[in-house]
Amino acid sequence: MTELEYLQRVTATRPQRMRWWREARFGMFIHWGLYSQLGRHEWAMNRERIPVAEYEQLADTWHPAERPAREWARLAVRAGMKYMVMTTKHHEGFCLWNTRQTDYNAMKHGPGRDLVREFVEACREFGLRVGFYYSLMDWHHPDGANCARDEAARRRFLDFTQGCVRELCSNYGKVDILWYDVAWPLQTAELWESVKMNTMVRELQPDIIINNRSLLDEDFGTPEEHVTPEMAGRDWEACMTFNGSWGYMPSAIDWHSVREVISMLRTAAGGQGNLLLNIGPRPDGSVPEEAYQRLIPVGQWISQNGEALYGLVDRADGRMESMPTGGWTLKGHTAYYWCHRWPGRELAIGGLQTEVLRASLLATGQPITFEQTENRLVLKDLPESSPDRIAGVTVIKLECASEPRQVLGMGCVVL
């Protein structure tokens, strides 16, 4: 099968496979591996040039607590997340499942058990969709770098890679997401045999969705460390660290605030994308307290305002304008204004091109009185300060007579 034929087939089945994902909007990324013991970033092996033989010793000193994935899943649900994606193998090359491809795995070393299976069971227990991260790059495998220079090494490494991916898609029941990472050192999908590998994946998991990091334009794009909408019509998911490190790093103190996470969610949903927010568990698998301090309030906020986030939202950029006090998400004839800078007793919104039928506070349903002229909507008799006590982000629901559109431009109203 050619790459074009493969992508045409994938495109034909995409709407049905992607529907749940497009409605979910918010997921948890989990980076957990041998590097968690070092606590110096998940790239420590590479950045510090730790020899393979020295790094391998971490495999026998890693002894996680019993079934920590249940804690992650419980927290994800409380945070309003709908799916989780875990690193089954990061760049360090240590496999977290009982693989036959290498003895460098969690069953044969310190953990002594299949950590991927525990993750899958936790997802299912708490009603979350299952995502597997798999790094194509491998610093441990002897052919991981040589495959770019030696054809025999490339064949061995591709057999290993395809064998690992086959196991992940065969041994755990239904898998919802395959999240590849770092297609190094091979430079093309052809060299990686990505069509062959992903055809196998889809035969084993017909409903799976796959990201774009095997060098094929698969189901969704993956902007990293920035929440930037991709082109209209392209599904995308912003993957974000919580504190600048994917793996556990106790010295990382610049955690995103509750308000920042909510802002990311608004930008993602407003651009018809998702947010995949990472936690880096401690070596024993426990979640750092800083994550709890932020994700629990985020979940409380979403429980009151989730209507503006979840579901099949419309794309706001190109239809609505930037405002100093907030931003938009849209669904049909309804506009949701996420007000993060409360204006006081009145809020004026310029340039709406549709009639507003009803305005209310989304969290409580309390009606808001308003006056609308040709070019200006003024919401009146508002509370003096933001009604939202969780994060100071109040969502105002505007029910309109037609699809909302806002036109402001750079000039002022001419009287």
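In helix α11, the buried residues are V258, V261, I262, M264, L265, A268, A269 and G270. Buried means under 20% relative accessible area, exposed over 50%, and partly exposed in between (1.4 Å probe, protein chains only). The model is predicted: local features need pLDDT of at least 70, side-chain atom pairs count only at pLDDT 80 or more, and totals for chains, interfaces and linings use all residues. Residues are numbered from 1 along each chain as its sequence is written, and side-chain values use heavy atoms, with hydrogens and water left out.

α11 spans residues 258–270. Its 13 residues reach 18 Å from first C-alpha to last, close to the 18 Å expected at 1.5 Å a residue. That expected span is 1.5 Å times one less than the number of residues. Helices (H or I, at least four residues) and strands (E, at least two) are DSSP runs, numbered from the N terminus. After α11 comes Q272, with a positive phi near 60°.

What covers the buried residues of α11? The cover includes the elements below.

| Element | Residues |
|---|---|
| β1 | 26–30 |
| β6 | 237–240 |
| β7 | 274–279 |
| α12 | 289–305 |
| β8 | 326–331 |
| β9 | 334–339 |

α11 and β8 are the elements that give two or more residues to the lining.

Next, the cores. The largest nonpolar core has 98 residues. M28, W72, M84, F119, F132 and L295 have the most contacts inside it. A second, separate core of 22 residues includes L330, I349, L379 and L398. Such a core is a set of buried Ala, Val, Leu, Ile, Met, Phe, Trp, Tyr and Cys residues joined through side-chain atoms within 4.5 Å.

L379 also lies in β13, as the bridge partner of F370. Strands β12 (residues 369–373) and β13 (residues 376–380) run antiparallel, joined by five bridges. Two strands pair if DSSP finds at least two bridges between them. A hairpin of two residues links β12 to β13.

Terms used
Contact = heavy atoms within 4.5 Å.
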